[in-house]
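I opened a new structure today and kept notes as I went.

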Amino acid sequence: MRQGYRVIDSDTHVTPSIEHLMLYADKELRERREELTPHVRVTKPTPGRGHPTEPYGVVRVNPYPYNRVAGHKDTDDPATRGAGARGALEGRVRNLAIKPIADGIQHGNATGRLENMDVEGVDINVLIPGTWAPGSTALDLSLALAMYRAYHRYMDDYCSADPRRLKGLLLAPCADPQAAAAMIREHADREWLAAVWPVLPEGLPADDPGNEPVWQAMDEADLPIIHHSFFYEAPYFPGYRDIWGNVAVARTAAHVWGAQRLISYVMISGMLDRYPNLRVACVETGHGWLPNWIIRLTSQIDYVKGAIPKDLKHTPMEYVRMGRVFCAIEQHEGPEMTKAVNDLLGDGVLMYASDFPHPECTYPESTDRVLAWEPVLGAAAMGKLMGDNAARYLRLLSDPWSDQQEPAIAGARAD
């Protein structure tokens with residue numbers, strides 16, 4: 001806790017490297033390891049960002065380069081194109097962390113992560129994998145499924161350091177809804193499992209009727225949808241080819257637009273009516289856009305006839321105020337923007353997030369910087385922002401505050 005508030009960080013990251021992921025590979029993935037080789041980019045670690053001390057490999061599936069400097073002609077750098085090319089942010093962002101982050105916590109060092117969490121007063125980290133997770137939708141489906149199985153074993157092991165505090169998500173491949181539903185049911189009792197990321201291949205709408213087995217399995221397990229935006233790997237973001245090649249504009253547009261599209265179809269398709277336990281959140285998207293989008297979408301489905309099911313029970317605004325839609329903050333948007341969102345949508349929507357341990361986090365000051373907003377937001381809204389809203393959104397089988405705790409689930413590597 002921090003200053004009397006429970007703290008859940010709803011957007012934190014693990015990578016893990018391909019070397020570490022392969023520790024949890026089953027027989028199929030081990031036998032097909034060479035198929036990933038063209039997509040692996042060896043990365044030299046930057047000290048203090050939670051990576052190993054030696055170079056490590058990450059899977060990059062045809063990242064889109066975004067090389068154009070605003071006001072200039074585009075340039076074609078072969079090193080930024082094709083399988084295994086560098087990511088669009090590599091070497092382009094400034095590390096905002098105030099102090100170094102423990103080595104290896106994005107890979108295998110869960111103990112170091114817990115120590116860093118103690119420094120900031122964070123009770124729970126929600127762990128989200130890197131860009132390879134959505135990027136794998138461009139690989140052979142059976143290979144992607146093997147990678148997901150390895151990742152879930154990795155989560156079993158990593159979170160076993162303290163599954164009350166380390167919570168993860170399940171990667172549900174919507175390219176094979178039956179397999180995704182089976183994965184959800186297989187892992188439904190995992191103490192670490194708090195949300196599901198429905199991994200949608202390019203061109204597949206979230207509300208496609210074929211995805212119903214996924215939502216059914218999630219509803220049975222009381223697991224919510226989480227959407228984390230990435231922008232430079234498959235399945236890419238809507239309109240990525242029309243952004244005119246600039247990385248700053250691409251990142252500004254991608255995170256917001258991806259979230260807007262996802263939550264829109266979840267709300268207006270009737271999914272929330274059919275599955276009463278389902279709820280949805282977007283992270284790493286900012287939050288200031290949300291009221292405008294909800295108000296506009298509510299207006300448009302009334303104005304434009306024939307766009308929604310006739311039996312849709314509620315408007316987007318009503319779903320938000322019912323506690324079915326959540327959104328993680330980005331700290332640069334500040335207290336005034338945050339208060340405006342609360343004023344328009346209610347104070348039960350927003351969740352604390354830091355992007356730890358990515359360069360955008362301000363470790364070890366992230367928590368305290370948001371707590372400093374209390375004079376603007378008020379104590380009650382601050383409590384909801386820092387932890388209470390996330391606790392309602394996530395499926396928490398255990399937490400660090402309860403007197404009675406379930407025993408930790410031991411991690412297990414593949415045979």
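I began with the second largest pocket, where helix 9 gives the largest share of the lining, five residues. The model is predicted, so local features need pLDDT of at least 70, side-chain atom pairs count only at pLDDT 80 or more, and totals for chains, interfaces and linings use all residues. Residues are numbered from 1 along each chain as its sequence is written, and side-chain values use heavy atoms, with hydrogens and water left out. Helices (H or I, at least four residues) and strands (E, at least two) are DSSP runs numbered from the N terminus.

I noted what a pocket is: on a 1 Å grid over the protein atoms alone, an open set of points where a 1.4 Å probe fits, with protein on both sides within 12 Å along at least five of seven lines; lining residues have an atom within 4 Å of a point. This second largest pocket holds about 580 Å³. I found 31 lining residues, with Leu200, His227, Pro235, Tyr236 and Arg261 nearest the centre. By class, I read 22 nonpolar, five polar and four charged residues in this lining. Here Ala, Val, Leu, Ile, Met, Phe, Trp, Tyr, Cys and Pro count as nonpolar, Asp, Glu, Lys and Arg as charged, and the others, Gly among them, as polar.

Pro235 came up again. A cis peptide bond joins alanine 234 to proline 235, with omega about 5°. Proline 235 sits in the loop between strand 7 (225-228) and helix 9 (247-268).

I turned to the largest pocket, with a volume of about 1,200 Å³. Its lining has 44 residues, and Leu89, Val93, Tyr232, His358 and Pro359 lie nearest the centre. Helix 9 again has the largest share of this lining, six residues.

I then checked the loop between strand 10 (350-351) and helix 14 (366-371), where proline 364 lies.

Last, I looked at a helix pair. The axes of helix 11 (290-303) and helix 13 (334-345) come within 9 Å and cross at roughly 30°. They are therefore roughly parallel (an angle under 35 degrees).

Key
Axes fitted to C-alpha atoms, helices over the stretch in contact; angles between N-to-C directions. Parallel < 35°, antiparallel > 145°, perpendicular 65-115°, else oblique. Points joined across faces, edges and corners; volume = space filled by probe spheres on them.
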